[in-house]
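Please look through the structure shown below, beginning with the surroundings of its ligand. The report then turns to charged pairs, aromatic rings and the surface.

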Amino acid sequence: MHRAKRTKAIYPGTFDPLTNGHLDLIARGAKIVDELVVAVLRNSEKGKPLFTVLEREEMLREATVGIENVSVTTFDGLLVDFAREQGAKAVLRGIRAVSDYEYELQMAMMNRKLDPELETLFMMPGEKYTYVSSRLIKGVFHLGGDVSSLVPPNVVERLKRKVPGKHA
Ligand code: PNS
């Protein structure tokens, strides 16, 4: 079949830090679009992050190095403006549970209001990641818990360097 256009999507987020749930979504997204741009938000309103934007960008690059059609960058300002600059037709977001839905629906509708041409694609990560969030990972790690099956190995190493003391 002849395909006239390449589909490019943006997977935006805070990624503080990257989890296996994010990675699972990246792998799924990369299978259905031609190009997937993972974009770390620079001006997050979520309070002080544990990792710098550069560290988060690096951890994403390290973990996605084997996926050919995935690239990693950063953005600030409106996601719709960034998507337009990139020539992306869609935004990819993960929904883990019903609790994610309201926030995601609000964002998707606001983005649609701002740019009716930009579509939001929702995908579900594998069910073993439905409870995994960056916030819980940081909380558990700070208290000495083992998160090594929930984040990629490079993130475990970075967490150990960032939060010394509790982990051998
Ligand atoms: O991983 P997160 O923190 O849930 O990601 C949130 C993100 C980065 C997708 C969202 O905060 C965002 O797109 N921010 C950019 C500012 C923007 O465009 N806001 C209007 C849309 S609601």
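Around the ligand there are 13 residues, of which Thr14, Lys46, Leu79, Arg93 and Tyr103 come nearest, where a residue is near a molecule or strand if one of its heavy atoms lies within 4 Å of it. This is a predicted model, in which local features need pLDDT of at least 70 and side-chain atom pairs count only at pLDDT 80 or more, while totals for chains, interfaces and linings use all residues. Residues are numbered from 1 along each chain as its sequence is written, and side-chain values use heavy atoms, with hydrogens and water left out.

**The ligand and its polar neighbours**

Arginine 93, which is among the residues that come nearest to the ligand, has its place in strand E4 (residues 90-94); helices (H or I, at least four residues) and strands (E, at least two) are DSSP runs, numbered from the N terminus. With a relative accessible area of 17%, arginine 93 is buried, a word that stands for under 20% relative accessible area, whereas exposed means over 50% and partly exposed lies in between (1.4 Å probe, protein chains only). The side chain of arginine 93 also makes a polar contact, at 2.8 Å, with the side chain of glutamate 104. A polar contact is a pair of N or O atoms within 3.5 Å; within protein, one must be able to donate a hydrogen and the other to accept it, and residues adjacent in sequence count only if both atoms are side-chain atoms.

**Charged pairs**

How many salt bridges does a search of the whole structure find? The search finds 15, each being a side-chain nitrogen of Lys or Arg within 4 Å of a carboxyl oxygen of Asp or Glu. One of them joins the side chains of glutamate 35 and arginine 6, at 3.9 Å from N to O. Because glutamate 35 lies in strand E2 (residues 35-41) and arginine 6 in the segment before strand E1 (8-13), this pair ties together parts that are 29 residues apart in sequence. Glutamate 35 is partly exposed at 30% relative accessibility, while arginine 6 is exposed at 58%.

Glutamate 35 also meets lysine 8 in a salt bridge, again through the side chains and with 3.9 Å from N to O. Here distant parts of the chain are linked, with glutamate 35 in strand E2 and lysine 8 in strand E1, 27 residues apart. Lysine 8 is buried, having a relative accessible area of 15%.

Another salt bridge, at 2.7 Å from N to O, brings together the side chains of aspartate 24 and arginine 28. These two residues are separated by about one helical turn, because they are 4 residues apart in helix H1 (residues 20-32). Aspartate 24 is buried at 16% relative accessible area, and arginine 28 is partly exposed at 32%. Through salt bridges that share partners, Arg6, Lys8 and Glu35 are joined into one network.

**Aromatic rings**

The count comes to 2 aromatic pairs, under the rule that rings of Phe, Tyr and Trp (its six-membered ring) pair if their centres lie within 6.5 Å, with planes under 30 degrees apart counted as stacked, over 60 as edge-to-face and the rest as tilted. Tyrosine 11 and phenylalanine 15 form an edge-to-face pair, with 5.4 Å from centre to centre and 75° between the planes. Tyrosine 11 is buried at 5% relative accessible area, and phenylalanine 15 counts as buried at 3%. The pair of phenylalanine 75 and phenylalanine 82 is stacked, because their planes are at 25° and their ring centres lie 5.1 Å apart. Phenylalanine 75 is buried, with a relative accessible area of 6%, and phenylalanine 82 is buried with a value of 6%.

**The surface**

Val98, Tyr101, Leu105 and Met109 form a nonpolar patch on the surface, with about 400 Å² of accessible area together. Patches are made of residues with over 30% relative accessible area and no salt bridge, like charges being joined within 9 Å and nonpolar side chains (Val, Leu, Ile, Met, Phe, Trp, Tyr) within 5 Å. Tyrosine 101 is found in helix H4 (residues 98-114) and is partly exposed, with a relative accessible area of 43%.

Technical notes:
Accessible areas come from the Shrake-Rupley method with a 1.4 Å probe; for residues, only the protein chains shown count as cover.
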